[in-house]
Amino acid sequence: MALMLKELFCLLLIGFTVAVDKNNFKTCEQSSFCRRLRGVKPGESKYQLNLETLQVTDNSVEAVLVNTEANANFQFTLTAIAGNIFRVFIDEVKPLYPRYRVQYALNGEPQVAKLEILERTSDLVKIKSEENTAIINANPLKLEFYHKGDLVTIVNGRGLFTFEHYRTKTPEVEGQEPPQEDPGTWEENFKSHHDSKPRGPEAIGFDVSFPDALRIYGLPDHADRLSLRSTGPGGLDPYRLYNLDVFEYEVDSTMAIYGAVPVVYAHSPKHTVGVFWHNAAETWVDINNSKDGNVVSSIVNLVSGHKTEARVDAHFMSETGVFDLFVMMGPKPKDTVRQFASLTGAAPLQQYYTLGYHQCRWNYNDQDDVVNVIENLDKGDFPVDFIWLDIEYTDGKKYFTWDPIKFSNPHAMINNLTSTGRKLIVIIDPHIKRENGYFLHEDALANDYYVKTKDGNVYEGWCWPGASSYLDFYNPYAREYFKGLYSVDKFKGTTDDVYIWNDMNEPSVFNGPEVTMPKDCLHYGNIEHRAVHNEVGLAYTMVTHDALLQRTPNKRPFILTRSHFPGSQRYCAMWTGDNDAQWSHLAISYPMCLSVALGGLSNCGADIGGFFHNPDAELLQRWYQAGVWLPFMRAHAHIDTRRREPYLFPEDVQNRIRNSLRLRYAHLPLFYTLFWEHEITGDPVIRPLFYEFPNDMNLVDVDNCLMVGSSVLAHPVTEAGASSVTVHLPGGSSQYWYDVEDFRKYTGTGNYNIPVSLDKSPAFYRGGSIIPRKDRPRRSAELMKHDPFTLYVALDKNKSAQGTLFVDDYQSFEYRNKKYVYINFNFENNVLTGSLIDKTDYPTKEWIERVVILGPPSGVKGATLKSKSLGEVKLETSYDAEQSSLVIRKPGVSVRESFTIKLF
Ligand SMILES: *[C@@H]1O[C@H](CO)[C@@H](O)[C@H](O)[C@H]1NC(C)=O
Ligand SMILES: *[C@@H]1O[C@H](CO)[C@@H](O)[C@H](O)[C@H]1NC(C)=O
Ligand SMILES: *[C@@H]1O[C@H](CO)[C@@H](O)[C@H](O)[C@H]1NC(C)=O
């Protein structure tokens, strides 16, 4: 009986739940280095700086760090980096085995800043750089960082710093070359080193504390809330950073998934600071937030002037690498995120069209299916710019080939798409089918381009094609070869306007440990996979990016990646991977993309509808509505799901999906302008509320809504059958917010219960902003490129507003040659002014068709436009019925010229 019940229970589980198989993936307890480092006792640090060896330069201080117990020496360097950043670097002085240093995350070598010594005693050195000071305590090593006198970050305050090193040669490596006396440069040393035997423990750990911080954010990618939760022995497993292909990942989890960005931001109204751990090996991070779930008492403490006990501690644990830590001194969220962008780069402006709607499925059956999908979308008036081909377009999963039957004439198919302004994206994965006669496999074998096993044989794993090997993107010859494959004469059937999806690049290996490559595999130069694991997806997409630039030098590449690392934003967009058609997965898409955006990758999206399983019509509609406000907007579905292109649904559902897509397309100029500004400043395109309102402690846990730039607040419906949602509108009583659809005005005084029908997905314009839109409905962004703009002027309490607009050719790099128009709009004292921010020009035909003023002044009878080319022109104005908006009709002025419009 018991057995039967148990069996029944199992059947129920199998039948009704979807879940990740946790047995496939390690816990900290099952990871020997995580267990070792978690076991390090606080307060017993054995590491001392020998200040007698101190050397000071204009930008750095250096000294020998000693492990007094093991009598091992390390080189310690603290460098001041421009923009209020410090870098702490520690490596062994005479390494038996040189350690890997991350190669691709930084956007060039960081620029150093001036540093001066304020004080020096036998056991400490006090330094100053820009607005900050730091105290280097020698015994034991402890680093304290102060912003304008306030202690904001402490490294090794708890004494968990650990640098495992090889004290003696292990028996296995006896007979190897002795360590070099002169360590030489790292590169020389690393490359000349040809030993791949086991080397023993080489983990690195450290603690970092943020006194007074209320919350800590970061460490994407996790299917978790934005604000990191406390972890610890007996509680939650640490946040794990190890790029993995997790089948049916679960939400609210600290488990590793596809990407790893080891950056955290500690936040309080007073300071926001961050650290970036520049390491590509498997990493676990324990978080202890002393005020978890208890913001209220912190507020009381702050208000009453008592010292708060708020504090966040983090403990980073990595399997290997050197100690390389950037301390970003803030002091506000915006500054800290910019500091991270100054180190790892920002996304270069993407083609305008890529901000449109992407229609994807595993798989469109054949070339006719592709053409028909677009035709049907056209018939239903659903705007779309890209259609995607998943792995089945290939001939037997051999990339750079086409299925000879189903895709016998890709050129005709592509020409059909491009004739209506649509473009194709095809998948190219890093696993290569091991098949005799497949040119890529044969070239890779002949030229030694594959990743090797620890014994030096070609590594063989299992992936979509069956037996597969993996190109080694650390091999410069393999990179050069692979780049050439994308040219239109090599990748037959493609054109200059075909773009690329790099999936499965963690890499995914179906039969590998934890569904990935064994850590002892070897990359070019005998780099152990262990050292580079989280970076390999980035290395791969860098090559794809170079390849597309080589193929089409004056068109901005578009690449979608699943695996990501700091710096990936310089090459690709990312998405949250294989999500599920569940409400919880819709809900988690906002916190996930917000975390990813703070981690430098603004171009984030989640598959609309959920990849696995079949969403019901309500969930699907809600997903489209939420997807309007995420930078990358793609619908995608698993091969076993029912077809779900928008035109397949009843008319009311179609209407809602169409309205969502039109709302999205109307806002493309806003997204595009924000991406241009992102390239210049590093400011994220989507932002959590705390980022825009850092002084409001009520916002530190809010992650079910987001801001697009600083002007739109979107709060989608993420529950089945909702009749209302509670929306938090911040900013206080003098901050106005306007409903995007009916222009109803609210003040930023906290929670509102907003009634929602299936048609309604709450979104608001922030009073004080001017939002540029293109409101003429069309079938694609390509077809909208010459359309005129409507400016939505959302007035603040003082009846003023400000906004920007960026216009160029939307696809080439000519904007880098000043071929663009960047306009500032300002509304003040009943006058709207448009003025060029930079002395640049682009011969655009775009013009301003309408101005809609929200919360308008009363009694307006008309308006007068003045510009150089138009002179003085009278314009008609009209209020809507509730007088909640005023429309200025047909200004007709080009966005290339300055103008004023005066209300009278
Ligand atoms: C978390 O921090 C608090 C306050 O500093 C401390 O009392 C507690 O022991 C810490 N918990 C863990 C698991 O380290
Ligand atoms: C594209 O395909 C559709 C459907 O097969 C066809 O009606 C149309 O003529 C094609 N257009 C071009 C430009 O090939
Ligand atoms: C309105 O103007 C006053 C005075 O210039 C300023 O202090 C206040 O911040 C402004 N209010 C808004 C909502 O911008």
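# Exercises on a predicted model

Lys114 lies in the loop between strand S4 (85–92) and S5. The model is predicted: local features need pLDDT of at least 70, side-chain atom pairs count only at pLDDT 80 or more, and totals for chains, interfaces and linings use all residues. Residues are numbered from 1 along each chain as its sequence is written, chains are lettered from A and ligands numbered from 1 in the order in which they are written, and side-chain values use heavy atoms, without hydrogens and water.

## Exercise 1. Aromatic pairs

Describe the pair Phe206 and Phe323, then the pair Trp402 and Phe491.

Step 1. Set the rule. Rings of Phe, Tyr and Trp (its six-membered ring) pair if their centres lie within 6.5 Å. Planes under 30 degrees apart count as stacked, over 60 as edge-to-face and the rest as tilted. The count comes to 59 aromatic pairs.

Step 2. Take Phe206 and Phe323. Their centres are 5.2 Å apart and the planes stand at 70°, an edge-to-face pair. Phe206 is in strand S11 (residues 204–211) and Phe323 in strand S18 (residues 323–328), 117 residues apart, and the pair links distant parts of the chain. Phe206 is buried at 0%, and Phe323 is buried at 1%.

Step 3. Take Trp402 and Phe491. The pair is tilted, with 6.2 Å centre to centre and 35° between the planes. Trp402 lies in the loop between strand S20 (386–389) and helix H7 (410–419), and Phe491 in the loop between helix H9 (476–485) and strand S25 (498–502), so the pair ties together parts that are 89 residues apart in sequence. Trp402 counts as buried at 11%, as does Phe491 at 2%.

## Exercise 2. Around Tyr353 and Tyr820

Which aromatic cluster holds Tyr353 and Tyr820? What sits over the ring of Tyr353?

Step 1. List the cluster. Tyr352, Tyr353, Tyr672, Trp676, Phe806, Tyr810, Tyr815, Tyr820 and Tyr822 form one aromatic cluster.

Step 2. A charge sits over a ring if NZ of Lys or CZ of Arg is within 6 Å of the ring centre and within 35 degrees of the ring normal. The charged end of Lys423 meets this over Tyr353, 4.3 Å from the ring centre.

Step 3. Turn to Tyr820. Its backbone oxygen is reached by the side chain of Thr840 at 2.7 Å. Thr840 lies in the loop between strand S42 (831–836) and strand S43 (848–854) and is buried, at 9%.

## Exercise 3. Two ligands

Which residues lie around ligand 2, and which around ligand 3?

Step 1. Use the cut-off: a residue is near a molecule if one of its heavy atoms lies within 4 Å of it.

Step 2. For ligand 2, the residues are Val371, Glu375, Asn416 and Ser419. Helix H6 (367–379) and H7 each give two or more residues to this shell. The protein covers 39% of the 360 Å² that ligand 2 has on its own.

Step 3. For ligand 3, they are Ser734, Asp796 and Asn798. An oxygen atom of ligand 3 is 3.2 Å from an N or O atom in the side chain of Asp796. Alone, ligand 3 exposes 360 Å², and the protein buries 32% of that.

Key. Polar contact = N/O pair within 3.5 Å; in protein donor to acceptor, adjacent residues only side chain to side chain. Areas by Shrake-Rupley, 256 points an atom, 1.4 Å probe, with all protein chains shown as cover. Helix = DSSP H or I, 4+ residues; strand = E, 2+ residues; numbered from the N terminus. Buried < 20%, exposed > 50% of the residue type's maximum accessible area, 1.4 Å probe, protein only.
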